[in-house]
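Dear colleague,

I am passing on the structure we spoke about, with the sequence alongside. Please open it first, and then read the notes below next to it.

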Amino acid sequence: MNLSADTLRASLARHPPSPHYWIAYSGGLDSRVLLRLCAELARVSQDFRCTAVHVHHGLQAAAEHWAEQCRTTCEAEGVAFRLLRVDARPRPGQSPEEAARAARYQTLATLMATGDTLLTAQHRDDQAETLLLQLLRGAGLPGLAAMPERAAFGPGFLTRPLLDHGRAELRDYAEKLELDWLEDPSNRDLGYDRNFIRHRILPVLAERWPAVGATLSRSARHCAEAQATLAALARDLCHAALNPERGTLCVDRLLAYAAADRRLVLREWIGAKGFRTPSARVLEQVLDCALNAHPERSPAVRWREGEIRRYRNELYLLPPAGPFDSGTIIAWDGLAPLLLPDGNGELIARPIDGPGIAPGLWRTAAITVRYRQGGETCRPLGRTGSRDLKKLFQEAGIPPWVRERTPLVYVDGRLVAVGGRWICQAFAGDPAGRNIMIEWFPPPPLRALSENPATD
Ligand SMILES: Nc1ncnc2c1ncn2[C@@H]1O[C@H](COP(=O)(O)OP(=O)(O)OP(=O)(O)O)[C@@H](O)[C@H]1O
């Protein structure tokens with residue numbers, strides 16, 4: 001099937017039409033071909049509206065020149081052009097290519113309106129390289145599915161309409177039509193794994209198996225199909241093991257699954273919460289912690305992006321805990337909302353008609369906010385006898401990492417309120433009158449665990 005506006009049209013016709021197509025145009029050979037095909041299609045088809053977009057990473061000295069070249073080429077093609085500049089400096093632990101790709105896709109997503117499609121120019125040989133790279137990383141099915149032809153992207157979609165065509169075909173097309181394109185010198189740098197596979201491995205394989213690009217990309221398609229089925233299963237199993245109120249996984253339900261399904265569910269749960277899947281080693285540690293750890297000890301498994309903790313019958317997924325000074329003492333006027341340090345949310349004192357802290361005391365005393373040091377006691381309103389805070393927290397099922405961060409409100413050095421949950425009896429006003437209630441708005445990772453006043 002020769003490349004032409006018709007092949008592009010046929011490829012795009014496999015999906016519902018988009019109000020607008022954005023052509024991710026690097027200036028390289030592949031996206032140059034895509035640009036020409038789009039320009040041709042736009043000439044013959046009224047309802048194909050497209051704009052080329054080049055992302056300037058600001059990493060190489062030549063980037064400015066490239067951006068200008070891209071603009072000139074688009075003008076010559078009669079295709080509208082947008083230039084986006086990003087700061088693609090890598091974060092610690094990120095490779096420059098990873099940083100550039102992440103910044104690129106992030107900024108491209110901001111262009112998209114609902115239902116728009118971003119077109120990128122990866123082809124069959126890119127797909128074969130991706131599959132080999134994933135195999136060499138020991139990837140599972142999601143990795144071996146390589147690059148899907150279409151995926152959700154921002155409020156729209158990302159489509160790769162050239163995946164059925166090989167590199168040689170694109171080059172022939174470009175040469176025949178005397179297209180001009182930019183050669184990125186880094187494409188020849190064998191220090192990059194992809195380039196090594198492209199220039200050293202695939203040519204050797206092709207000596208024996210000339211259709212290696214096509215066959216490997218076919219394997220990727222099989223994997224993608226199987227992956228879609230598996231993803232649906234993973235969602236169902238995960239749903240059945242979820243505590244929807246807290247977004248936690250129930251350990252007993254997880255452990256009722258076969259070992260492979262447990263891993264599937266963990267990966268699904270972590271991904272659905274917006275985290276990247278941690279290594280297989282981390283997943284094994286999580287399962288080990290779910291299986292073997294003492295449920296009251298709140299064991300944790302941490303990796304760079306997050307941590308999973310078990311408390312009683314549930315697994316909690318949290319972002320890495322930031323620094324927190326539990327020794328801090330914060331003075332509060334008791335009037336204005338108090339923003340707690342270390343991102344620990346906000347405290348509010350609200351007058352209410354009903355049980356609460358005596359307002360006279362609240363107005364005149366010195367109010368401070370502190371954190372648990374151990375040994376604190378409180379007799380919650382409406383209950384008999386004082387209790388250790390530890391006991392109260394345990395009874396209410398509040399996990400230890402929330403206990404540590406629950407603000408304790410003191411009046412003249414004595415405990416009057418525990419977060420937004422308990423008011424201590426000793427400072428209660430007339431329950432039939434107007435009193436003060438405390439509310440704590442914790443940061444998102446602690447919400448759902450700490451907000452609701454206890455019904456115990
Ligand atoms: N700077 C950029 N601006 C816009 N789109 C880009 C940019 N770099 C890459 N892309 C898009 O992402 C796709 C994949 O990127 P990749 O880095 O593999 O390609 P490339 O080798 O830089 O460029 P090409 O595929 O155009 O030869 C490209 O085909 C292109 O559509």
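Helices and strands are here taken as DSSP runs, a helix needing at least four residues and a strand at least two. With that in mind, and remembering that this is a predicted model, residues 367-440 form a span that is 16% helix and 35% strand, with its end C-alpha atoms 15 Å apart. An unreviewed UniProt entry annotates these residues, 367-440, as "domain: Lysidine-tRNA(Ile) synthetase C-terminal".

The domain assignment divides the chain into domain 1 (5-223), domain 2 (244-318) and domain 3 (330-446), and the C-alpha centres of domain 1 and domain 2 are 36 Å apart.

I also looked at how helix α5 (residues 124-136) packs with helix α8 (residues 193-208), whose axes come within 10 Å of each other and cross at roughly 110°. Because angles of 65 to 115 degrees count as roughly perpendicular, α5 is described as roughly perpendicular to α8. On the α5 side the contact is made by Ala 128, Glu 129, Leu 132 and Leu 133, which meet Asp 193, Arg 194, Ile 197, Arg 198, Ile 201 and Leu 202 of α8. Six of the residues in this contact are nonpolar and four are charged, while none is polar.

Finally, the ligand has 15 residues around it, of which Ser 26, Gly 28, Asp 30, Ser 31 and Ala 121 come nearest. The elements that contribute two or more residues to this shell are α2 (29-44) and β2 (50-56). Sorted by class, the shell around the ligand holds six nonpolar, six polar and three charged residues.

Key. Residues are numbered from 1 along each chain as its sequence is written. This is a predicted model: local features need pLDDT of at least 70, side-chain atom pairs count only at pLDDT 80 or more; totals for chains, interfaces and linings use all residues. UniProt positions are given in the numbering used here, feature names are shortened, and annotations may be inferred rather than shown by experiment. Axes are lines fitted to C-alpha atoms, for helices over the stretch in contact, and angles run from 0 to 180 degrees between N-to-C directions. Angles under 35 degrees count as roughly parallel, over 145 as roughly antiparallel, 65 to 115 as roughly perpendicular and the rest as oblique. Two residues are in contact if their C-beta atoms, placed from the backbone, lie within 7 Å. Ala, Val, Leu, Ile, Met, Phe, Trp, Tyr, Cys and Pro count as nonpolar, Asp, Glu, Lys and Arg as charged, and the others, Gly among them, as polar. A residue is near a molecule or strand if its C-beta atom, placed from the backbone, lies within 6 Å of it. Domain bounds come from an automatic or database domain assignment.
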